[in-house]
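Let's take a walk through this protein model, one spot at a time. Keep the 3D view open as you read.

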Amino acid sequence: MNIIKKQSDFTKNILTLMTGTAIAQAIPIAISPILTRLYTPEDFGVFALYLAIVSILVVFTTGQYDLAIMLPKYEKSAISIVRLSLVINTIFSSSIFIVIFIFFNFFQSLLDENSLGYFLYLIPLSVFLIGCYNTLNYWLNRKKQYKTLSTNKVAQSFTSSTSSITFGIQDFGKDGLIISQLLAQAVVVALLIKKIKMSFLFQSFEKLKILALAKRYIKFPKITMIQSFFSNTTAELPVIIISSFFALKDAGFYSLAQRVVASPISIISSSFFQVFYQSFSIEKNKQKFYKMKFIKINAMLLPPFILLWFFLEPLFGFVFGEEWVVAGVYSQILFPLLYMKFLSNLFTTTTYLYYERQIENFVLSVLITTTAISSLFIGVLIDSIVFGLIAMSVSNCFVILFKLYRSYGFTKKGI
């Protein structure tokens with residue numbers, strides 16, 4: 001009976017998050033044909049560059065201690081880690097602002113024609129809001145507040161989508177996309193703060209305990225953070241390299257492919273991960289649990305993934321206009337890699353964190369980043385984005401397969 005109840009709770013929690021995820025993703029996908037007619041590929045390219053910079057910097061903003069919120073047995077210890085994460089987040093975000101303020105002209109010259117202008121000053125704010133969101137999100141995950149997490153996804157998506165259309169109609173250009181993203185981040189953090197009632201964070205602030213926990217989970221900033229940096233850099237490298245060595249509109253095509261295909265997969269992966277991580281942490285027979293979920297999830301998701309792959313290119317041309325058909329080609333190339341990343345984010349991230357195998361995860365992340373960079377620059381040398389993306393997709397898939405093999409081995413040996 002306990003096993004049946006655990007399976008029921010797991011499925012229920014997945015469905016709760018997936019419902020919010022489905023609605024949250026349906027909104028931007030539904031309005032994407034409108035946005036592609038309000039914004040140019042160049043606008044999407046500059047917006048993608050902004051997001052790429054933020055995504056790389058956000059790795060450092062909590063020292064990755066937010067990932068450790070799930071681990072302590074006692075709630076007081078988890079609260080101390082929440083405090084630690086928020087303090088580091090505030091210090092790091094403030095530091096970024098100071099650096100940008102001092103070296104603003106230098107950064108402008110580096111970006112050249114892709115300059116973000118004074119929107120560079122908004123990067124620290126985006127980083128800070130994402131750091132707050134990630135920290136509070138893991139706290140609610142620990143408390144099994146899946147309905148709240150699901151609702152927040154919808155609120156963020158709705159805010160971003162409606163404001164993007166509004167600013168697009170008013171001809172804001174790339175500025176409208178950036179402001180909409182920032183506004184959505186602010187709204188969802190405000191909702192989390194309202195739900196959690198943050199007063200508990202300021203009660204009995206035990207500095208020594210926080211320092212002790214920082215030392216206990218030191219592998220997160222020492223290893224996991226660096227590993228995440230390589231992982232995020234790999235994900236954002238195509239935008240940076242494409243915008244630097246090819247036309248800005250090509251970065252826009254890649255950005256749309258990510259927006260329509262990669263982003264939904266990423267959020268679905270996040271929904272699965274939050275429940276899987278919590279369930280795996282308390283499961284006694286971890287090998288059986290891992291194997292059963294791996295088979296079940298692939299049986300459920302692989303067939304529709306394969307079917308959708310065949311229709312991506314014509315769908316992009318039909319839905320977004322012939323000007324955007326290139327984005328469909330890019331999405332087809334990336335689709336197998338995105339599926340493998342989905343499996344990796346769920347299974348390998350959970351096991352590498354749980355068994356504290358951060359060093360091996362770091363080495364493999366460096367390998368993924370190295371192969372990605374090499375593949376993309378080969379594409380630059382032969383002046384072919386398509387070749388570079390194919391080489392990146394294939395090489396990274398092989399590394400992820402090896403990670404999945406290793407992660408299952410951890411559960412088998414129990415080490």
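## Where two helices meet

In helix 3, Lys76, Ser77, Ser80, Ile81, Arg83 and Leu84 meet Lys209, Ile210, Leu213 and Ala214 of helix 8 (contact means heavy atoms within 4.5 Å; helices are DSSP runs of H or I, at least four residues, numbered from the N terminus). Sorted by type, the residues of this contact are five nonpolar, two polar and three charged (Ala, Val, Leu, Ile, Met, Phe, Trp, Tyr, Cys and Pro count as nonpolar, Asp, Glu, Lys and Arg as charged, and the others, Gly among them, as polar).

The axes of helix 3 (residues 75–102) and helix 8 (residues 207–216) come within 9 Å and cross at roughly 85°. So helix 3 is roughly perpendicular to helix 8 (that label covers 65 to 115 degrees; axes are lines fitted to C-alpha atoms over the stretch in contact, with angles from 0 to 180 degrees between N-to-C directions).

## About the model

This is a predicted model, where local features need pLDDT of at least 70, side-chain atom pairs count only at pLDDT 80 or more, and totals for chains, interfaces and linings use all residues. Residues are numbered from 1 along each chain as its sequence is written, and side-chain values use heavy atoms, with hydrogens and water left out.

## A tucked-away serine

Is Ser331 buried or exposed? Ser331 counts as buried because its relative accessibility is 1% (buried means under 20% relative accessible area, with a 1.4 Å probe and protein chains only). Ser331 sits in helix 13 (residues 325–354). Leaving out residues up to four places away in sequence, Ser331 touches Ala257, Val261, Leu312 and Phe316.

Terms used:
Parallel < 35°, antiparallel > 145°, perpendicular 65-115°, else oblique. Buried < 20%, exposed > 50% of the residue type's maximum accessible area, 1.4 Å probe, protein only.
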